[in-house]
Structures are given as C-alpha cells and as structure tokens.
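The exercises below are to be worked with the sequence and the model open side by side. Each one gives a task and then a solution in steps.

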Amino acid sequence: MELSEHIKTANVEDVTLRRPFHPALRGTLCVTSHHLLFSDRKDEASWQLLILLKNIDAIEKRAVGSSGTITIKCKDLLVLQLEIPGMEECLNIASSIEALSSLESVTEMYPFFYRPSHLTLNGPWGLSSTEQYYKQTERLWDRWRVSTLNSDYSVCPSYPSAVIMPREVDDDKLIRSARFRQGGRFPVLSYCHHRNGMVIMRSSQPLTGANKKRCKEDELLLQAVIDGSELGYIIDLRSAQQAQQARMTGGGFESKSFYSHWKRIHRHHERGKVVQESLIKLVEACSDPSHSVDRWLSKLENSKWLSHVHSALSTAGLVVECVERDGHSVLVHGSEGTDNTLLVSSLAQLILDPASRTVTGFLCLLEREWIQAGHPFQQRCAHSAYSHARLKQECPIFLLLLDCVWQVWRQFPLALEFSEALLLRLAQEVYASNYGTFLCNSEQERCAAGVKENTHCLFQSLLRPDIEEQYLNPLYEPTDLAIWPSVHPQSLQLWTGLFLRWTEYAQNMEEAREEVWSIVKEHHEQAGPDRTNNTLSTHCDTLTPFENLMDELTIL
Amino acid sequence: MEHIRTPKVEQVKLLDRFSNKSVIGTLHLTATHLIFVESNSTSAQEIWILHHHIASMEKLSLTTSGCPLLIQCRNFRLVHFVIPRERDCHDIYSSLLRLLRPVSYDELYAFSYNPKQNDQQREEGWQLIDLAAEFERMGVPCDQWQLTDVNREYKVCETYPRDLYVPITASKPIIVGSSKFRSKGRFPVLTYFYQEKKAAVCRCSQPLSGFSARCLEDEHMLQAISKANHNSRYIYVMDTRPKLNALANRAAGKGYENEDNYSNIRFQFVGIENIHVMRGSLQKLLEVVGTRSLSMTDYLVGLENSGWLRHIKAIMDAAIFLAKAVTVEGASVLVHCSDGWDRTAQVCALGSLLMDPYYRTIKGFMVLIEKDWISFGHKFADRCDQLDPDQKEVSPIFTQFLECVWQLTEQFPQAFEFSEWFLIQIHEHVHSCQFGNFLGNSQRQREVLQLKERTYSLWAHLLSEKQNYMNPVYSPSFAESHPVLEPSTQACHFKFWRNMYHQYDRSMHPRQSILKQVLTFKESNRELEGTVQALKTKLQKFGVSTSPLKPQTPPRDRSLPPRPQSLILGAPLLSRKEVQQEEDEEVFGEEAREDAPASTDGERTVEGSSATENGYGELTGSFGSKNEPAVVTLEFGVARMTC
C-alpha cells in the first residue's frame, strides 16, 4: 500500500489552529505522506507550521456540531488543537494521521525521503567508527586491539562490526564468552581513563542459570581486563535479589568464586515499562490544572522520574569513584546491557572525560555508546508520554540520559561546551527526525535497511559551523577535572526546559539566556584575546606611538 | 566579657552535617562571635558565628571522642562540634547560653558594632531611605489623599509610624473612632497608591465587630476610601486569614467586616495560615532537608507534608489577587489580618512589588521593606527572637516574604535588579542585630532606643557593596513591557529555595555559578568601556580622531582582566580576619573558595568538594567491606571536581 493511499482528504480550508500562549490562527491544513502542514492565509509573510507525522504521539477527535476538533499531542510534548469544518474531513484527517504516524517500516520513514539541497548523500556517514576511535586513542594501543569478529553480526547481532578488546584474548575466546552472555553481548571496552588507564567495560548478564554454569573464557577475558592489578568492580544494575531471580530464567551474575578478582556491587535501577510510566505520569503532572502545591508534589513524587535521575547519577558517580579515585577498572551491566548499562557508562564518561564535554565529543559519545552500542531506539522511542497505545518496548532511557546531562550542566554550567538547546534538540530528534541517525535498533538493522546510504546523519549536520553555533554554551571554560555532580535530592531539579517547554515561563527563560549571550559576546568583543575588532587594543595601539613621542618631548 | 569562662578550646572536631567527614581546629569565643579555625594550614577554613544568629544549642551525651555540641543558627547553618573535654564543652555551652540571651537591647551587637564611619556618614546612611519622598513618588498627597498628623505623638496607634496618609474626607473624629474599633488601634491607612487608576492599597487590623457590633466612624472610613477612587464603585476588603480563624475571632469580640453594614465593599477571605502554623511548617521543612542520605521519595513527600510551599503559594495567590484588583479592575483594596502586621505586611508588600517595577530595583526594594515592614510595625524583635525568649512569638513571616520574591525572580529572571544574594543578605542581617534597622517592634520603640544615633543602617552598608547583589541579566526594558508582573500560579513553579535553606551546605550547591561568571563579564565590560573612553579622551588630547579607527598593528594577546575583587562570589579570602567584614564573607566566602581557579594548586580535589556526604550511596557498607583494605577509606563523592 502506497503511503498516499492513507490520505483521503489532503487539504482543508478554514481550519483554526490553537497553540498554548498564542492567539488562534485560521488557515489551510494539508496532510502529506510524512507531514502535517498548516499555513495561515495571509499572502505576505505567511506563517507555517510543519509537523512530522511521526512526532504525533496521540490524537483525540471531538465533534462539535457539523465541525470537528482534533487535539494533537506530540512526542516533543507540544499540544495543538485543530478545528476542522466538516465532520467527514475531520475524520479523514484523523485517520490519515493515525495511520501515517505509526508506520513501522523503516524505509518508508521520512529520513529516506529528506533531501535538502545543501546536503549530499555521498561521503562518510556518522562521526567516527570503532577503528577511528581506536586510532585516535593512543593510550589503548599498548594493551588493546580492534577485533572484527562481529563483522557479519553473527556473534552479537546488536553490537557493531568492530569492538575493542584486550590484546591477549583471541577471537575464539570472545566467541565463547559471547555465547555465555545474553544476546551475545560480551564485555567490551567502553572507555579508557586518560589519567590512569583504568577502563569501563560493559556487557549483558552472564547466562549462569539455575545450576551456576561457568565459562572459563569469560573469566579469562575479565582477568585480562584488569591485567594483574588486584581488583576490578562489577556494577550490577539490579538489586542482589533481582540478580538471583534472573538465574531462574537462565540469566545470572558473576559469582565470587569464579571471578575472584572482581568485586560485585548491586545498584537497583528501574527499567522498561516502569520508566515509561514514570514519564507518562510526570508529563501528566506538569499539565495538571489544579494549581495545588500538595497535589503537584505528590504527583511529582509518585511519577518517580526524579528518583530515576537520582539513581542514574549516583551509580555513574560510583563508577567514576572506582575508576578515578580508587584506580580500578569497572564492568557495568544489567540484564540485556542495552539500556541502563549505556546510561551509566555514558554518564560516567561525561563526568570523567573532558573530551566528551565538547559538542563534538558529546555527539561522538552518543554515537559510540548509544547508536553503535545497539540501544534499540526504534523500540524504545516508538511512543512518548501521551500515547494510549498498549506499551510494548517503549522506555525513555535516552531522555533520562539527557535529563541527567542537564542536571550535570546545572551544577557545572561552565564545564560543557554545549547548551541546553542541544539537549532539547536531541530530545526531539530521537522521537521524530528528518535524519537517519536514530532509526532502527542496531548497526545490523541499519545496514540491512541501507540507512547510511539513503539518509542524512543528524550529528554531522549538527556540527556544521552555522548550526553548531546555536548549541554552544557561551560560558564554556574547558576544565580537565572530573566533574562530580551532587546527588542530594535538594540538588536535583525538574528539567523545566523540557517538561515545561511550551509555557510562558520558557519564554522568559529564553529571553534571559539571550541576555547572557549578549553580555558574553560584548565581553569577547572588548576583551577577547583573539578578536581583530578588539576595541581596547586598537585604541591602545594607536596611543602608544603618541605616548612615546610625548616622552621624547618631555626629555627634550 | 565577664561571661566568657573559656575563650579558647583546642583540638575541637567539626563534623560535617551530611557525611562522616570532620576537621580539627580551634574554637574561640569572643564577646560577639563563636569562631572555629581549622588547624590544617593549607585549607584553614574559618567559621564565624554571630551569637545573635544562634537559635538553639544542644549538648549531646558524652562519646568516646568527646562531648558533642550541636548549634542551630537562624540563617539555617547547623554546626556540630565535638569538644574533647567535657569541662570545656560545658563552659562554652553555659557562656553561650548567657551571651545569646541578651537581657536588654543595649547588649545587642548593633550598639557595639563600628564600621569605622564618622557621625556624618552614619547620618547619611540613615537618610538614604525617605518614606515621605516615596509617597510623593506614588503621587501622594493628592486631591484625594492627604498626610494626617493625628498620630504625630503616637497617640492614636502606638505601632504605626508618625506620618500616615488617609482620604481627605476622613476627618480626625472618624480616624479616632475607626481606630477604637480596630484591634491595637490600627485603623485603615494608605500604603500604596496606583497612580494610573487612582486606586489605593490600604491596610489595617481586624475590626472589633464580635457577633454584631458596628462602628459608624469605621464604616465612614471605608466609605471615604471608596470615594477617593472614582474608577470603581466598590472596594475590596481582603481578610488574609482562613475563614475559620476569622469566625473564631468573633467569639473574642474581634472578627471581620459585615457586608451588610459597609456599603459597596466586596469581602474576600484569602486563607493564609497564622504565625504558629508557619513556624511549625518551617520546622518540619528543616527536619526533612536536614536528614542525612535523604532519598528522593522522602524528600518530596517531606516537602509536601511540611506544607511550606503551600503556604508560600497562598501568600503569592493573595498578592496576585490584590494586584489584579488594583491594576485590572482599578478598585481600591483594604487588606487586613488579625493585627495587621504579619500577613497584611506580606500581602501588601508583595502586591506592590507585582504592580510597581520600582520595588524590583535594589533601592526600591529597600524602600518597600522600610515602608511595609519596618515603619508599619512588623514585630521584628518578637518574630526574629531578638530579645525576649517567647518562642510562641517567633515566626518566619519575613523569611516567607523574601522567599516569595525569590520565587518571582525565578519566574522572571530579567525583572529584578538584584539577585538572590541580596535577599539572602537581608535575611542574614534581619537576624544578625548588627545594624539598627530591624531592632525593636515599632518605630516608636526605635525612637526610644535612639537607633539612628547609636547604630548604623544596613541599607547604606548594602548599597556600598551594591555590585555584589546585581542581577546581570536585569533589563529595565522588561519593566517597561511588563509593568505589572503576572506570575504563573501553577504549582510546579514553586520550588525549594536551596540557596537559602542550605546556604552553608556547600556540597549541595552547583560547583560553578552562571551568575558569578556573567557578573564578572559584565563588570569587566564596564571597566573596559571606561578604559576605552579614557583612551579616547587621551587620543583626542593628542589631536587624533578616534572614530573610524583602524588597527595599526595586529592586536596582541591580552589576558582577561582580573576578576573584580569585591564580587561576592569570587571574593578572595583576604579580609576574613576583619570582624566587620566577616558577615559578608561568611555568606559568600565559602563559595569563593570553591571558585578559586582550579589550575595551579597541588591539591586537586578543588572546587568545593568537601565530598563525602554524598549520596552515591549506601555503598559504604557494600563497597568498603571488611576484607578489602584497599577501599575502606572510600569517600563518596559529592559534587566536586578532581583530576
């Protein structure tokens, strides 16, 4: 079935659009295969609203007399209302939106059709590959190598084709280790600390099962990771009880007797459905009209969203402590190793590694730790906070990461090169995008669908100088230090920039931010060491010869 | 000094509030301060606690390491000392007990504090705020409002100021009659005049109406207020109490206005709780946020149960109602509660702040406090426990007002000339008794104490370091486009004020400050502009035209100018030894330390990382367990930076 067959009514005139904090507008509504387009009827300077259908999370229809109202709730949390004259048109539009916003076939999605004139499809896709990362990271060369055993994705379907492994462990052992780990996700290098060479590894749970199976190769692999140093830490993202229970279904944990040099610490993290429901409750609480403080606080608490933020940052802090302060290597895993594992390992890197705090560095981190590492974006981000569809595999772990990064930025506003705007943009793109970056669930799927050949890369486009500028933090001052966020509940806050994004409040904040920008710009213009239009030095330079002259005159 | 038995104790341990960390140092007791100096010479932290700031002390039972002494301060600092010898602890405790309960006003710090100013400077300090000029700015006296001399000798109302503004049609007999019908004689007077609509905000105390009593003069008084405003046929009477409280007061011969007896009034209850509820609420709040290793759930539940933010919102809602009635409907409003010096002050002051951009400037905010709080007799001495230890009179009413203003600064980052440090500093000094402004309960009492002759004014002090309190993103044009602030009353906009209630808990604060950074930039922009101007003038002297200037040589590298020394947040810790300055240093000194550049030092655990207390977890147990000596000393990181 062609996409266009879903469209029974393509155009409606005289539609009224209502948005929060804006006057209602009348204009024409248009449905295309991928977009909803509204444009007001003024000829000159006409205003348009273009919404990706994929951005629409839920719609509600209501009949009022002969006309209908459609409420559109977007995945970026915007809520719109359209008043459409004519009941039939209204129903047609609604059913088109419903059908077209929930397409499942990747190649039918908009990134495969997005062809802006300034971008070409030829050329490398993405920012970096495992091989390139290895080449650039000199500290790895001694003890680590790139293994391409997964080049046909047969060892681990969700891993990229190349991974970084200890030199002394050969590919055969890795294959055995992979068989011993859920989904084949054997321990791979995630980060090597630039100050002491300690590493963060990540994997999925070992398949020890009820009868405590063991795998010599897996043990050897982990032994090789710590390379003679006496201790490593396994941060298991489940409670001890949950880990025990996992054995009943074939999973399990690394037992002390077989992994004698590793110490295991359990930290409970919620996952899957629970986190998705948190998001739903939180968004609901944010739009609660009751204005009662007690009700708000109890709903906020009940959503547990901030508790998830709290645990993610705490565990990341724990990993950083092991690596940075105590000088031990760490292995992080939960069950599948595709969600909380990535959350913790990437947060730990942000805290530890100054390189991951630049715009490029952060995007590379996301590419390495989320895209290439096989976070199932398509499943996790199929729906957002408004959808009434039965939950399948949705889970806003990536949004949780962005929230945690925002908390770090709040506490260290000078340490990140990027601003909140970048996080907001990513929060939007991950659910609906013109670009192919967040399509599919793994490298293998992306390969099969031809994502790299047929779509544009978001990260590359964000790094174009004119675009990147919008996402820079004007106050950025690079620091080499680790930035440990405080995790007292009093230090964590609701991410108003995201959750109250479409309110007047956001407008005031934006204006204040612009003011900060202009102060900083003025500062750079006047005192910036490397600007040519530096007024102060210009004047000084003009003055110097005169002063010299004066001096000579005085001497005479 | 005769009360100090042990002026100095060594080897005292200071425990961190949220962790197991501690430092050793020496405790000094002076006539005005308790001072702790850390022994470790590299960091040598100093803590100065003014006796007046101490709210309560507790001597805990003796432990193996010594005798614990817990001190809770009114500025929400909490210190926990362990003193090795029980004897010393007892001496310190009993000396402090005497020192922090002054029996007469003369013992308050303000009367001995001397900032090395001469009498003329002192006098000028007191003349900074002129309330007559303030009423003139509002457009009063005018054809409808006049200054009355009825209270010149404090004969009609002891707790009101001498100068009062009333409608021209309110004659002396009416005023006197009305005052007799009002609790404590606090009859309706003008506090703010909204010139644009000629609408007035008046304040008073509750009427002594009981179940049926009425007073014609009082009815005339309200009539006069109503008549003074031609824009509206009615006036609002806001009773800021919950209806139940007002009803209960009727049994005691007090109560509220009966709409049948007063023509053209619209009566409205607002529902702000009384001082006792507020005191209890703050106590609950402090208990919750003072808990060690607090979970997110317990924090949010505790915040809700304390009711604190609900009370803050109730005050804000009342102020918004007031501002709307005046600016939108153009109606005059009469505000009262029971005695008209707590809730009434909160609502009138906050309402005026919403209506008038002037009160959102540094000078204007001082005027506002002087007018609605100091002159109209908010009982600072009782509420802030300056002298008389009647704990039932203590209540954080003024703190709530400051917090409401802070909530507004969060919603409108560009609307205020000052930053939150200004509010926090005022709060600090309301309790410090270092300046004369807030001493006593009424203007009359202040005159008896001769405060203007014997003490210094806080406002002069704050203005002298104004640059520390500036909001760098303040935009006067915002005031033009938003003369009246319309804050959102959605509950999610009411936040916990961490910098107030955890001011001294370093580990909770952001490690870097946008505010400080932007202030620094702005200051240096200003300085550079000055330099450029000076250079231009010089060039002109040489006869060179400065306007289209082209660089003759490529500009050389210039490092950024040094940060202004005076900046609060970046203040170097030079002058900490000076008692006079110690107050400000206390507030911001700790921040300053965190912000010391992280580059050069040998010790890399910079950036305000006292660490430990964290929340990375209950890991101490699981992590540093017995057979792992390598990790026993794990300290769990609080926000900090290391390398």
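**Exercise 1. Find the polar partner of the side chain of B:Asp339, then describe the surroundings of B:Asp339.**

Solution. Step 1: the side chain of B:Asp339 makes a polar contact with the side chain of B:Lys184 at 3.3 Å. A polar contact is a pair of N or O atoms within 3.5 Å; within protein, one must be able to donate a hydrogen and the other to accept it, and residues adjacent in sequence count only if both atoms are side-chain atoms.

Before going on, note the conventions: this is a predicted model, in which local features need pLDDT of at least 70 and side-chain atom pairs count only at pLDDT 80 or more, while totals for chains, interfaces and linings use all residues. Residues are numbered from 1 along each chain as its sequence is written, chains are lettered from A and ligands numbered from 1 in the order in which they are written, and side-chain values use heavy atoms, with hydrogens and water left out.

Step 1: B:Asp339 sits in the loop between strand 14 (332-336) and helix 10 (343-355) of chain B. Helices (H or I, at least four residues) and strands (E, at least two) are DSSP runs, numbered from the N terminus.

Step 2: B:Asp339 has a relative accessible area of 18% and is therefore buried. Buried means under 20% relative accessible area, exposed over 50%, partly exposed in between (1.4 Å probe, protein chains only).

Step 3: beyond four places in sequence, B:Asp339 is in contact (heavy atoms within 4.5 Å) with B:Ser183, B:Lys184, B:Arg186 and B:Ser205.

**Exercise 2. Which residues does the UniProt annotation "binding site" cover, and where is B:Arg343 placed?**

Solution. Step 1: the annotation, from an unreviewed UniProt entry, covers B:Asn274, B:Ile275, B:Cys337, B:Ser338, B:Asp339, B:Gly340, B:Trp341, B:Asp342 and B:Arg343. They span 70 residues in sequence, but no two of their C-alpha atoms are more than 12.3 Å apart, so they gather at one spot. UniProt positions are given in the numbering used here, feature names are shortened, and annotations may be inferred rather than shown by experiment.

Step 1: B:Arg343 belongs to helix 10 of chain B and counts as buried at 7% relative accessibility.

Step 2: a polar atom of the B:Arg343 side chain lies 2.7 Å from the backbone oxygen of B:Ile272. Leaving out residues up to four places away in sequence, B:Arg343 touches several others, including B:Asn274, B:Cys337 and B:Ser338.

**Exercise 3. State the strand order of the open five-stranded sheet in chain B.**

Solution. Step 1: the order is 10-11-14-12-13, with mixed pairing. Two strands pair if DSSP finds at least two bridges between them.

Step 1: strand 10 (189-194) and strand 13 (265-269) of chain B each have a single partner strand, so they stand at the edges with one side lacking a neighbour in the sheet.

Step 2: strand 10 and strand 11 (residues 199-204) of chain B pair antiparallel over five bridges; B:Leu190 has B:Cys202 as its bridge partner in strand 11.
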